[in-house]
Amino acid sequence: MPRPHRRRSHPSPPAGGRRARALARISASLASLALAVGTAAFAAPAQAAPEPSDSLASDALAASEAPDGAAASSDMDTGTQGTPEASAAADEDENEPTGSVQVRIDSVSPWVDSDGALEVTGQVVNGTADPLAPESLTLSRSSQKISARTDIAAWTEDQDSPLLIASSEDTDGGDADGGDGTGASGEDGADESSGNRAGSPAYEAPELPSTLAPGDSHDFSFTVPADRMKPAGSAIDSWGALGLVVTLTAEQTQGAGGTDTPGQTDAPEPAEGAEQSDPAEQTTPATTPVQQTAPAFTVWHPDPGVDPTVVSTVLPVTLDAVPADGGPLLEAEVLERAADPSARGAFAGALDRSLTAARELDDAALAVDPRVLASARAALELPENEPEAPADDPTAEAPASAGQDGARTPGASPSDDGQSGDTPPADTPTESGAASLEGTDGPGAQEAEDDGAGDGQDDGTGDGPSADATEEAPDPEAAAARLPRLAEWYAEFTELAADREVLPLPWADAHVTALRSQASAAETSAEEQARSVRGRTASAAADEAAQLADGLGGLLDQADTERGLTGPLADSLRTDIMWPAADTVRRADLTALAEQGGQTLILSDAQQPSITSYTSSAYSTMDTHGDPQSAYAPPPDAEPGDRSEQGGGADGDTRILNTLIADSGLSETAAEQARGRPRAPGEALATSAAITAERPFDSRHMLLTLPREAAGPDLPQLAKELSSAPWLSSESLDSLAETEPVARGALVEPSADQESAPGAQQAQNLLTDLGRSYGEGEAASAVFTDETEARRDMARSLLTCTGTERIEARRAGDSGDAPAGGTDTRADAGSGSETDSPSGTDACSERTRGWVAALAGGVRPEPGSSVLLVTGEQAHIPVRVENTTDRSARVRLRVEAGTPQLSTEESEPLTLGPGEARSVEVPVRGLANADVRAHVRVLSMDGTRMPQSTELLVRVRADWENTATLAVGTALALVLVFGLVRTIRRGRRKIPKSQLDAAVARAQS
């Protein structure tokens, strides 16, 4: 990608500066002439810049070297390899004030053969507030090849006695020659020294500006033909790593840049006739010599015929992002951005870079984080167990590539068929249906707006609406259209991984050994607390310690359970190979890993060191006590993973384990280059060349492990260099395991220094918080219809913060304000993070524990008003309960009173759908008059009390019913007595005589 244009100004320097530079050029010419006489004089240009012979200039330069030299060494930590992402990052960085002058090397030829040329590109950056006048820029190499690994590390700190091979003052290639000593004095004269023979690359040196304004930068490029830079000697004697150093010599005008416009260093000439100020009153800006260096490496390879070193590589495929809601799955937007090489933002292009690197390293084993693939499948709405389509089915890959015209070449632009990954319209269906397939949606599902939806179903047995009835059916084609980059990446990755060795990592690459150590410590503490229980307070402390131990143990169990993948790769995993975090394995871990099915462990050479003076091959063995296999001489027919009949412990359970030993030095330099922050560009390949040079005709088989984090900006370039280096060859882990095991030392457990690292206690506190959160959430998960799924999702969410790189960064003293390994910086080539900027370890813990707490407390009774209970018989109190989660729950409710005046019972079972709220009647019985403060408690179906509750005031008036009955009975009795009295007092009713006579007459007639 072409570098964006930057403003550069080149004004004429002051007259004094011209004279100084003229003197410098004359001195440089004399020095170059002296260099042609013998190699003894070649060290001078790199040790000190060409300078006037007067002692004052020498003293000034010597005075400036101490502070500036230190700055130069640290400045190179930000150097990057030549990739578009790295260049963009450099362009962004150079706009920020650095406070010093820097020389940055962007790219260097990884190796040079007899017909090639060394190419070095980079930048000179003036990060100060003063103008800089560059005088010369030189490129030098080490005086001889570097065959020892320790010498490579030493070169990055101190470039001792380099030989000049190119200079900005030698633009035609006629002055400097750091080759084999012939150069211009060879048979072909100037033509050979200039690299202009037929078919030979031409020599090129940069031209420097006269002035570099504050904040400006200048790109440089060297091209040095092989004949000009090759070491002396035969092919086998001269072959090997060469140290390089770019040296800038300049003058800086102190105090001249504070008010000047950038690029303007000369004051304007006064107008004719204007009043001239007194020269005594004028202040002449002071000039200070500046010298900065930047180290690098290349490898001289004139086809020496050495036996190549075989390298097996483990390439992690992970994404250490934290979801905004703290849930267990990565968001679809983050995955789409990570799969798009042209995207901007946090983790942009990281998955695409992993895929590109995997293609370059065609024998690399893939260590896959299950969270990445599970999140991708959920986002693409693919079923958990996708059936394989027939071989002749043209739609076999339709779900993953819908809307595409074919497989995308890495880095290609989206197709122009209307589905190019643009923002979907507002009515585009969301991927909620896919996420629910995995059971991992956030707990905060929106509450039902109609609070009365469940009213009228107070029999306590209503099942409520089914969750599936309201979910949209999965639509893989629509999801692939919304997420075209992710769909293409998933299809291409699964196709590539089907033919590779796939090592499943724990969920989110959890730091299993740290979890096991913390869980063991918590279990021991819980046992001690249980033995010393004295009183209620001590009992509560013991219960809390037991819950913490259970929580950490549950997280550890879930981390092991989640070592698997869904989809097309589920049946092709190497679960027998385990890769614990480097330098953290203890003897107790060996037995635990073996019991979990591990037969082969990937360890660092710091834990099973070589016993030879050279770098040993990677394949070895040890028993579960950490002793080499030869320590107890197993039977000849013993196989790795079998129980040994000899040399075991008291339990007779000693096993033999294969060990694949990663070269820590090679892995560390490769990680630095992959992240785009090498100490010296080319150091990784130089280290591999030094390993080969140790025994050039004795091929050994090495193991390289790449960083366990989101792919850095230079990972594809590193993979390309490793795969094409002529002194290296690649083979699979299976091929490594088929080699003859080499003898190595016993297991070296982590040292006390590691335990007392600056952030060791903070890492333990982090794991303790996560374990406590899981312990609380695990107990609350019993209310859900699918209890196992709820516990799984809680563990998945919390394991996100136990990633290997996060815990190791915290142990190293990282404050947690940035992701482990600096993910946001290296994955984002310049734009700020959208949702993941606060995704450091502290923010991760806060988010995930909040998500688990919301899920654990999502089924709860709503607060209600006081209730008046006026009967001593059984009654029912209506209580409203809500489910704010995204999953179904089945619960009972109970009103618990702290006094005996109120007797309570459990309600009938109640099923609540996602986001549903309903009323249920809870049976109670008032026994005596009292105002009872009760708690409405949620119970699981097996009667387990949940922490969710709400207070309820129940005014019990149990005698009010009897009093009312007595009063009514008394009133009725009084009415009866009153009637009787009146009747008696009135006597019998008399009939008038006329009526009586009439009645007698009628009777007689």
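**Entry 1: disulfide.** I searched the whole structure for disulfides and found one. The model I am working from is a predicted one, so I note every value here as computed. The disulfide joins C801 to C844, with an S to S distance of 2.0 Å. I then looked up where the two cysteines sit: C801 is in the loop between α26 (787-799) and α27, whereas C844 belongs to helix α29 (residues 841-856), and the pair, 43 residues apart, links distant parts of the chain. For the geometry I wrote down -100° about the S-S bond, which makes the link of C801 and C844 left-handed.

**Entry 2: strand β7.** Why do I describe strand β7 as largely enclosed by the rest of the structure? Twelve of the 15 residues of β7 (residues 240-254) are buried, and therefore the description holds. I next listed its pairings. Strand β4 (residues 132-141) runs antiparallel to β7 and pairs with it over nine bridges, while β7 and strand β8 (residues 286-300) are also joined in the antiparallel sense, over 15 bridges. To have a point of reference I followed T247, which is the bridge partner in β7 of T138 and has T293 as its own bridge partner in β8.

**Entry 3: largest cavity.** I counted three cavities of 30 Å³ or more in the structure, and the largest has a volume of about 180 Å³. Its lining is made up of 20 residues, and those that lie nearest the centre are P506, V512, W579, P580 and L593. At least two lining residues each come from α17 (512-531), α18 (535-561) and β12 (577-578), with α17 giving the largest share, three residues. By class, I recorded twelve nonpolar, four polar and four charged residues in the lining of this largest cavity.

**Entry 4: second largest cavity.** The second largest cavity holds about 100 Å³ of space. It is lined by 14 residues, of which T318, D320, A508, D509 and G803 are the closest to its centre. Helix α27 (residues 804-811) gives the most to this lining, namely three residues. Which classes make up the lining of the second largest cavity? I find two nonpolar, four polar and eight charged residues there.

How values were computed. Residues numbered from 1 in each chain as written. Predicted model: local features only at pLDDT ≥ 70, side-chain atom pairs only at ≥ 80, totals over all residues. Heavy atoms only, no water. 1 Å grid on protein atoms, 1.4 Å probe; cavity = no way out; pocket = protein on both sides within 12 Å on 5 of 7 lines; lining within 4 Å. Points joined across faces, edges and corners; volume = space filled by probe spheres on them. Helix = DSSP H or I, 4+ residues; strand = E, 2+ residues; numbered from the N terminus. Nonpolar A, V, L, I, M, F, W, Y, C, P; charged D, E, K, R; others polar. Disulfide = S-S within 2.5 Å. Buried < 20%, exposed > 50% of the residue type's maximum accessible area, 1.4 Å probe, protein only. Pairing = 2+ DSSP bridges.
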